[in-house]
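Me: I'm new to reading structures and would like a close look at one part of this one. Could you walk me through a charged side chain and its partners, step by step?

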Amino acid sequence: MTRRRPERALVRPHVVTGGRAHPTRNIFDLVTLVSATRTRATGLSPEKRRVMELCQGGALSVAEVAAHLALPASVTKVLLSDLVDSGHIVTRASAADRDQTEDQLLREVLNGLRARL
Amino acid sequence: MGSVLASDQLYVRETVRQSVKILIVGHFAVGKTTLVGALSEIRPLRTEERMTQAGEAVDHLAGVPAKTTTTVAMDFGRLTLSDDLVLYLFGAPGQQRFTHLWNDLARGALGALVLADTRRLEESFGVMTLLEERGLPYAVAINQFDDAPVFPEEELREALDLLPTTPLVTCDARDPASSASALIALVEYLISKHQEPA
Ligand SMILES: Nc1nc2c(ncn2[C@@H]2O[C@H](COP(=O)(O)OP(=O)(O)OP(=O)(O)O)[C@@H](O)[C@H]2O)c(=O)[nH]1
Ligand SMILES: [Mg+2]
């Protein structure tokens with residue numbers, strides 16, 4: 001955890017995420033690849049600015065963003081889905097959206113692993 | 001942080017369009033982190049998830065007292081398999097009660113490699129049940145520790161109560177080629193499952 005706000009008496013959900021009740025975080029898998037579309041991050045919260053700074057260098061999975069920023073994956077998903085909504089972040093197509101059969105995908109995985117032997 | 005950002009390998013290659021994941025699972029100290037580290041092209045990373053006692057993820061940074069939550073750590077690594085494709089390996093803890101975390105990990109995963117230690121085979125049962133409950137196909141790899149007994153395959157299959165079709169291999173989690181071979185056995189099995197009529 002990077003920093004902690006002072007403890008509050010009551011549970012206040014989504015402090016970091018700006019209070020959205022139903023974040024669209026379910027569009028994200030841990031391995032969904034994300035990258036930044038723009039360099040300006042003005043007006044964003046400190047956490048979102050850190051995400052933008054990291055993601056400007058290239059594509060990373062959601063899990064990598066979480067690990068590099070020392071944030072829980074669930075928090076990272078909420079931040080990223082906000083940044084997708086505001087046009088700061090785009091996702092690359094996940095394997096599931098591609099015009100490739102499961103069999104072709106598995107064979108590509110197999111070939112890649114065999115190349116490591 | 002600076003050194004991490006300076007590394008060439010930090011980001012996924014520009015041409016990559018697809019990502020897939022395989023889970024590396026097993027009981028405490030069976031070699032999950034070692035296997036991920038042997039294969040990963042990036043320094044293995046770790047994410048931590050704060051879970052409530054009920055097993056729900058805490059998806060905000062404030063407001064829930066730390067004493068009511070548990071932190072669950074997952075190690076993971078990355079392998080670029082082609083110009084187009086990266087594979088992520090997640091070393092996942094075997095605790096049954098983190099249902100939410102397990103659902104999140106298992107969703108979309110190609111399959112799982114169950115690491116087992118012949119000195120405590122029965123400790124692998126819990127994680128195999130977790131996978132079966134989620135319909136996630138798996139192969140079993142005996143991580144052969146130096147002082148662990150060696151059993152014939154048939155005895156191991158019986159002790160682990162494996163289906164005849166479930167692959168069972170032996171590996172050394174410290175060795176990249178041996179670990180890659182174990183994953184190959186899993187992926188070959190996934191391909192064969194795919195070919196049989198559902
Ligand atoms: N001799 C031998 N030692 C191993 C092998 N694999 C792992 N080890 C050692 O076993 C210990 C545990 O390995 P880890 O990779 O940390 O196991 P883990 O499953 O990630 O453990 P937890 O995350 O604590 O559940 C480490 O000290 C490793 O160096 C192996 O194949 N042979
Ligand atoms: Mg470990």
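Reply: Here's a tour around one arginine, B:R119, and the charged residues linked with it. Keep in mind that this is a predicted model.

Let's start with where B:R119 sits: in chain B, in the loop between β5 (111–116) and α4 (125–133). With a relative accessible area of 40%, B:R119 is partly exposed.

Now for its partners. B:R119 makes a salt bridge with B:D117, at 2.8 Å from N to O. B:D117 has 0% relative accessibility, so it counts as buried. B:R119 also has a salt bridge to B:D147, this time at 3.0 Å, N to O. B:D147 itself is exposed, at 60% relative accessible area.

The structure has 19 salt bridges over all chains.

B:R119 has a ring to look at, too: its charged end sits over the ring of B:F145, 4.8 Å from the ring's centre.

One more stop is B:D146, which forms a salt bridge with B:R174, with 3.9 Å between the closest N and O atoms. B:D146 is in the loop between β6 and α5 and B:R174 in the loop between β7 (168–171) and α6 (176–195), so this pair ties together parts of chain B that are 28 residues apart in sequence. B:D146 is exposed at 69% relative accessibility, and B:R174 is exposed at 55%.

Terms used: Residues are numbered from 1 along each chain as its sequence is written. Chains are lettered from A and ligands numbered from 1 in the order in which they are written. This is a predicted model: local features need pLDDT of at least 70, side-chain atom pairs count only at pLDDT 80 or more; totals for chains, interfaces and linings use all residues. Side-chain values use heavy atoms; hydrogens and water are left out. A charge sits over a ring if NZ of Lys or CZ of Arg is within 6 Å of the ring centre and within 35 degrees of the ring normal. A salt bridge is a side-chain nitrogen of Lys or Arg within 4 Å of a carboxyl oxygen of Asp or Glu. Buried means under 20% relative accessible area, exposed over 50%, partly exposed in between (1.4 Å probe, protein chains only). Helices (H or I, at least four residues) and strands (E, at least two) are DSSP runs, numbered from the N terminus.
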